[in-house]
Amino acid sequence: MERWKELEFEYARRLRNGTSAQRRDLYGEAYTAVYTHLENPSELPEGRTAGTSPALVELLVRVLGEGERVLEVGCGRGYTCLMVAPHVAAMVGTDVSETALAEARAVLAQYGRSNATVYNVSAFGLSEHFGPEQFSTVVSIEVVEHLHPEDAEEHFRQVLRLLKP
């Protein structure tokens, strides 16, 4: 088994058994470790997709409007932000892994996506970083299944707060 998969399973066990306070730090530690052990990213954006597919990006582009401000929770290496940014007013990504965010920042700069930014913010730290009703759309691809059930509930409460009516 690849090392990153072993780490993901080990951290999943620790997250399931951890207290709320322990999990706050553990998410960042876990996904920084996982991303550190992934293969080096491809120079091509398609090499950074993680759970996103070109078909999913195409669907998002069709349903999003040019004037929208979009938040992606769990942006990873930045593929969705990179591909959706040209079609919306602003694209904001968050992730808990500085390793992944560094790659996302590099690819966004490489392709000149000036309307896309990424931040180190957890799925349940959104309200601390963003004000209410800042986004018309929030997407999260392959994130929720990694959250402890208690954290997922808090995550959804915060997402609702961030969404415009």
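User: Which residues of strand E4 form its covered face, and which its uncovered one?

Analyst: This is a predicted model, in which local features need pLDDT of at least 70 and side-chain atom pairs count only at pLDDT 80 or more, while totals for chains, interfaces and linings use all residues. Residues are numbered from 1 along each chain as its sequence is written, and side-chain values use heavy atoms, with hydrogens and water left out. In strand E4 (residues 137–140), Thr137 and Val139 make up the covered face, whereas Val138 and Ser140 make up the uncovered one; strands here are DSSP runs (E, at least two residues), and helices are runs of H or I of at least four, numbered from the N terminus.

User: What makes Arg24 and Asp151 a salt bridge?

Analyst: The term requires a side-chain nitrogen of Lys or Arg within 4 Å of a carboxyl oxygen of Asp or Glu, and the closest N and O atoms of Arg24 and Asp151 are 3.2 Å apart, so the pair meets the rule.

User: Why is Asp151 called buried?

Analyst: Buried means under 20% relative accessible area, exposed over 50%, and partly exposed in between, using a 1.4 Å probe and protein chains only. Asp151 has 2% relative accessibility and therefore counts as buried, whereas Arg24, with a relative accessible area of 36%, is partly exposed.
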